[in-house]
Amino acid sequence: MEPVSEGSVFEFGLSLPARGTGNLTHELHQQLRAAILDGRLAAGAALPATRQVAAGLGIARNTVVAAYDLLIAEGYVSPRQGAKAVVADVAARRDRRGPQHLQAGLEDTRLNPLWRTPFLRPDAPRELPERCFRLGIPDHRHFPHDIWRRLSAQSLRAWSKTRFSYPPSQGIAELRHAIAQHVAFARAVACTEEEVVVTSGAQQAFDLLARLLVTPGETRVAVEEPGYPPVRAAFAAAGARLVPMPVDEEGLCVEQLPDDVRVVSVTPSHQSPTGVALSLRRRRALLDFARRRNALVIEDDYDGEFRFGGRPLDALQTLDRDGLVFYIGTFSKSLFPSLRKGFIVVPRWARDALVTVKHCADSHSDTITQSVLAAFIRDGHLARHVRRMRAVYAPRREALLAGLDAELAPWLQPIPSEAGMHLAARIRDPALAPAILARLPRHMPGAQPISEYAMHASAPAITFGYGVIDVEEIRPATRAFARSLARMGAE
């Protein structure tokens, strides 16, 4: 066969026999059919005109017409009156083409066994109303879209005047400088721009630190139980041996940490999902444990900007004097999740190694959104927006607390919390937990059982977000939920 030059007509190569052999129509039909089944010719794509194909391949037009007619007759191509024929949707056929094409999916033994475990698979997204009690989502209606658009336009104009390049893996200097100033002001985290590494959200931060700090099969990593599942997933994926640690009213039970733990992941400002704060006593005990055992601490401060009580406790990074704490922040809660921007404040001794890991995983960072965010922080818009949203969230939090303390008091006991965008409550009678949780989605959609955050069985509790629920909707929801729970005995 004589290979036809790739890209002359189609975006892939064809190899046809020499003219005069009598097999041209068959070969063209078979190779186009294979391209449709393989997805190289996607459903809905218009086929090139027969004259164009014939000229490009150097064959008779009648040969192309005959091949197209066969594809139409078999249902691989759909004709259109007065327009080019288009590729039909043959996804169902694609799955029935024989053993060599079967898609075994997550059970296929050719995959790394780690990625076949249900433990790491993400949950399917839940269908929820726009205004509900879901966790971790800020309210888009109060975001300064006009300011963001103006800064985006400025960034694009500046970018258009610069030559193309590969920005640094650790993030552009302007953003790292802005982040260093922001965390110093908002959380008393002292650092320089050289100690800041920009990431694609907090999740990439967890992944990078897991790669950096875990020796597969050896390193024991303490995680909160219950705790944030993506943290567990990142460390499990790196081969860590997870050590679930209980959480009580003072946060992570530091006194129960095994001596051989080498990494401790914690959410001290607003524990995910219970909402409790790590007490000052335990913060000091955790840093002392890390010093004595040559361990390291990962501090996830995911929504610590939103404080509703007194003066916040110092961050672990602020208390640290020995370079033991990796501080993780994100803009998903303070701004919006699709921004995909987070950061790590890294101890100086580990900075170069972390940048190397970042470079391997993500060789360079984007410039435009980083420059927009840098300007947003630098010009004071982030600080103003956080203050504005704190005033928006505060009455929602109070309304939810009022409902928990009043209508829902016979069944639920609020867990003390003074920060963040969600509250949690324990179910007073564990025997009633199944019936209570069964009624939860109907009356308070988006709220989640804390068991969804736990690796093992835990005391029954519920966590409620108030980022996207209005004040006037909260009390009617708690009252309706209470009326439903009051009928449990009669059903």
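Which residues does Thr 63 touch, not counting residues up to four places away in sequence? Thr 63 touches Leu 24, Thr 25 and Leu 28, where contact means heavy atoms within 4.5 Å. Thr 63 is found in helix α3, residues 61-73. Thr 63 is buried, with a relative accessible area of 13%; buried means under 20% relative accessible area, exposed over 50%, and partly exposed in between, with a 1.4 Å probe and protein chains only. Helices (H or I, at least four residues) and strands (E, at least two) are DSSP runs, numbered from the N terminus.

Before I go on, the ground rules. This is a predicted model, in which local features need pLDDT of at least 70 and side-chain atom pairs count only at pLDDT 80 or more, while totals for chains, interfaces and linings use all residues. Residues are numbered from 1 along each chain as its sequence is written, and side-chain values use heavy atoms, with hydrogens and water left out.

Now the chain overall. The secondary structure comes to 15 helices and 16 strands. Of the 491 residues, 50% count as buried. The C-alpha trace spans about 90 × 65 × 50 Å along its principal axes. Of the contacts with a separation of 6 or more, 71% are between residues 24 or more positions apart.

Next, the parallel strands. Strands of a sheet pair through backbone hydrogen bonds, either parallel or antiparallel. Here two strands pair if DSSP finds at least two bridges between them. Strand β6, residues 220-225, runs parallel to strand β7, residues 241-248, and six bridges join them. Arg 220 stands opposite Arg 241 in β7. Between these strands comes helix α8, residues 229-237, and β6, α8 and β7 make a right-handed β-α-β unit. Right-handed means that, with the strands pointing away from the viewer, the path from the first strand over the helix to the second runs clockwise.

β6 also runs parallel to β9, with two bridges. Ala 222 stands opposite Val 264 in β9. β9 in turn is joined by four bridges to strand β10, residues 296-300, again in parallel. There Val 264 stands opposite Val 297. The chain gets from β9 to β10 through helix α9, residues 280-293, in a right-handed β-α-β crossover.

A word on β8. β7 and β8 run antiparallel, joined by two bridges, and a hairpin of two residues connects them. The bridge partner of Asp 248 is Gly 251 in β8. In the loop between β8 (251-252) and β9 is Val 254. Val 254 is buried, with a relative accessible area of 6%, and touches Arg 282, Ala 285 and Leu 286, not counting residues up to four places away in sequence.

Helix α7, residues 201-213, can be checked for length. At 1.5 Å a residue, its 13 residues should span 18 Å, and its end C-alpha atoms are 19 Å apart, which agrees. The expected span is 1.5 Å times one less than the number of residues. Buried residues in α7 include Phe 206, Leu 208 and Leu 209.

Last, the antiparallel sheet. This open sheet has four strands in the order β13-β14-β16-β15, with antiparallel pairing. β13 (412-414) and β15 (448-449) are the edge strands, each pairing on one side only. Three bridges join β13 to β14, residues 422-427, and Pro 414 has Ala 425 in β14 as its bridge partner. Helix α14, residues 433-443, packs on the sheet and touches β14, β15 and β16 (461-465); its direction makes about 20° with that of β16. Axes are lines fitted to C-alpha atoms, for helices over the stretch in contact, and angles run from 0 to 180 degrees between N-to-C directions.

Which residues touch the most other members of the largest nonpolar core? In this core of 62 residues they are Leu 412 and Phe 464. A nonpolar core is a set of buried Ala, Val, Leu, Ile, Met, Phe, Trp, Tyr and Cys residues joined through side-chain atoms within 4.5 Å. Helix α13, residues 381-405, gives the largest share, nine residues. The contacts of Leu 412 include Leu 404, Ile 462, Phe 464 and Phe 481, not counting residues up to four places away in sequence.
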